[in-house]
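Please open the model in your viewer and keep the sequence panel beside it.

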Amino acid sequence: MPSHHNLEEGQLLKYVGKSFDSFDSNRPFMKFLGYDSYGWNELWVNYEGSKLLVHSSDVEIVREP
């Protein structure tokens, strides 16, 4: 995802980055919570009830029909 893309809280994202400990590739979706205070490249997301910090290049915006 390009950096500084205007996301809205609760927007659905798909994680496409490297796997991490609690990541389940069958459930790659997470919800956007907000941008990190130091810039537009890191995002706070809710993944399976956990708050995580991910890089913007590791997610794609899910387009709803």
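Select the hairpin of β2 and β3 and centre on G39: six residues lie between the strands, and G39 takes a positive phi near 155 degrees. Strands here are DSSP runs of E with at least two residues, numbered from the N terminus. The model is a predicted one, in which local features need pLDDT of at least 70 and side-chain atom pairs count only at pLDDT 80 or more, while totals for chains, interfaces and linings use all residues. Residues are numbered from 1 along each chain as its sequence is written, and side-chain values use heavy atoms, with hydrogens and water left out.

Remain in the loop between β2 and β3 and select D36.

Display the side chain of W44 next: the side chain of D36 makes a polar contact with it at 3.4 Å. Such a contact is a pair of N or O atoms within 3.5 Å; within protein, one must be able to donate a hydrogen and the other to accept it, and residues adjacent in sequence count only if both atoms are side-chain atoms. Leaving aside neighbours within four places in sequence, D36 is in contact (heavy atoms within 4.5 Å) with E42, W44 and L53.

From W44, move to its bridge partner, G34. Strands β2 and β3 run antiparallel and are joined by four bridges; pairing requires at least two bridges found by DSSP. On β2, select F29, which stands opposite K14. Three bridges join the antiparallel strands β1 and β2.

Now select L7, L13, Y15, F23, M30, F32, L43, V45, Y47, V54, V59 and I61, the twelve residues of the largest nonpolar core. Such a core is a set of buried Ala, Val, Leu, Ile, Met, Phe, Trp, Tyr and Cys residues joined through side-chain atoms within 4.5 Å. β1 (12-15), β2 (29-35), β3 (42-47) and β5 (59-61) each supply at least two of its residues, and β3 gives the most, with three. Centre on F23, which touches Y15, P28 and Y47, not counting residues up to four places away in sequence.

Finally, show the whole protein: it has zero helices and five strands, and 25% of its 65 residues count as buried.

Key
Buried < 20%, exposed > 50% of the residue type's maximum accessible area, 1.4 Å probe, protein only.
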